[in-house]
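Hi,

Here is the structure I promised to pass on. Have a look at it first, and then read on for what turned up.

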Amino acid sequence: QELLPGAVRFFEATRLRGQPVVVLTNNSTASVDQYVARLSRLGIPVERHQVITSAVAAARWLLDQGVRGPVLAIGEEGLLATLAEHGIPFCTGSCTGEPGADPARFQAVVVGLDTQFTYAKLHAACQAVRAGALFVGTNPDVTLPMEGGGLRPGCGSLLAAIAACSGVEPVVVGKPSPRIMEMALERLEATTPQSRQEVVVVGDRLDTDIEAAARLGLRSALVLSGVSSRADLERWPRRPHFVFNDLEELTRILVEA
């Protein structure tokens, strides 16, 4: 993986200004520890409490709902490790084909991005949801950008398939859901209306980052070096408060301020 130009300087600028930062990601395929290590290798030192993944938000939501397992987990290493860290017993798609397996034994079905998604997993998830299991998705991203251009299916595409065959829509906890955003505000100790006025959500997607900020009445800054373009901005109903060409421009404003 490669850093966006200006990323290291951006984090350095916020640290020098004494501004706390929380990193949110809708990607549930890696654990918090893996993200901390990855960012550190790229020259961005962060601590565990500064990173929140959609898998963490899903585990927290399940516990808040009184779910203690077992849950049917469809996802990759990051999701499975996070469930285990939160003490939630889970079963992957491989255990659902056992003779006499009862889909009603699952309290919930939790779905993240799974590049090994199969018809068997789809069938197991639909049966469990139909039997009464809660249905939670880590994020709604239907597509993901590929290196070199193009798109690949995202978690939202898997959720759509399960929703179609089960007749139940998922509870989605990742951006733009307020659920993951409230977790970030707790970490920033921005729990009052006055303190929330000091928060700015920085992101490159109008449909997740900027939409998430709008739903909670937070200020937002769109950087145009990622998914959303200036043309997208003209068509989007919820406009960000600030627009920057890239992180370097945003960092320059921070330093000059």
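This is a predicted model: local features need pLDDT of at least 70, side-chain atom pairs count only at pLDDT 80 or more; totals for chains, interfaces and linings use all residues.

The crossing of the two is right-handed. If you want to click through the contact, H5 brings Leu 122, Ala 125, Cys 126, Val 129 and Arg 130, while H6 brings Ala 161, Ile 162, Cys 165 and Ser 166. Sorted by class, the contact of H5 with H6 has 7 nonpolar residues, 1 polar and 1 charged.

There is another pair to look at. Helix H3 (residues 54–64) packs on helix H4 (residues 77–85) at an angle of about 35 degrees, and their axes are 9 Å apart. H3 also passes H4 in a right-handed crossing. On the H3 side the contact is made by Ala 55, Val 56, Ala 59 and Leu 62, and on the H4 side by Gly 78, Leu 79, Thr 82 and Leu 83. The contact of H3 with H4 divides into 6 nonpolar and 2 polar residues, with no charged ones.

Now for a couple of single residues. Is Glu 211 buried or exposed? Its relative accessibility is 10%, and the cut-off for buried is under 20%, so Glu 211 counts as buried. You will find Glu 211 in helix H9 (residues 206–215). Its side chain makes a polar contact with the side chain of Arg 238, at 3.0 Å. Setting aside neighbours within four places in sequence, Glu 211 is in contact with Pro 176, Leu 206, Trp 236 and Arg 238.

The other one is Phe 10, which sits in helix H1 (residues 7–16). Phe 10 has a relative accessibility of 11%, so it counts as buried too. What does Phe 10 touch, leaving aside its neighbours within four places in sequence? The contacts are Leu 247, Leu 250, Thr 251 and Leu 254. As for Phe 242, it is 232 residues from Phe 10 in sequence, and the two are 16 Å apart in space, C-alpha to C-alpha.

Cheers

Key
Residues are numbered from 1 along each chain as its sequence is written. Side-chain values use heavy atoms; hydrogens and water are left out. Helices (H or I, at least four residues) and strands (E, at least two) are DSSP runs, numbered from the N terminus. Buried means under 20% relative accessible area, exposed over 50%, partly exposed in between (1.4 Å probe, protein chains only). A polar contact is a pair of N or O atoms within 3.5 Å; within protein, one must be able to donate a hydrogen and the other to accept it, and residues adjacent in sequence count only if both atoms are side-chain atoms. Contact means heavy atoms within 4.5 Å. A crossing is left-handed if the near helix is turned anticlockwise from the far one by less than a right angle, and right-handed if clockwise. Ala, Val, Leu, Ile, Met, Phe, Trp, Tyr, Cys and Pro count as nonpolar, Asp, Glu, Lys and Arg as charged, and the others, Gly among them, as polar. Axes are lines fitted to C-alpha atoms, for helices over the stretch in contact, and angles run from 0 to 180 degrees between N-to-C directions.
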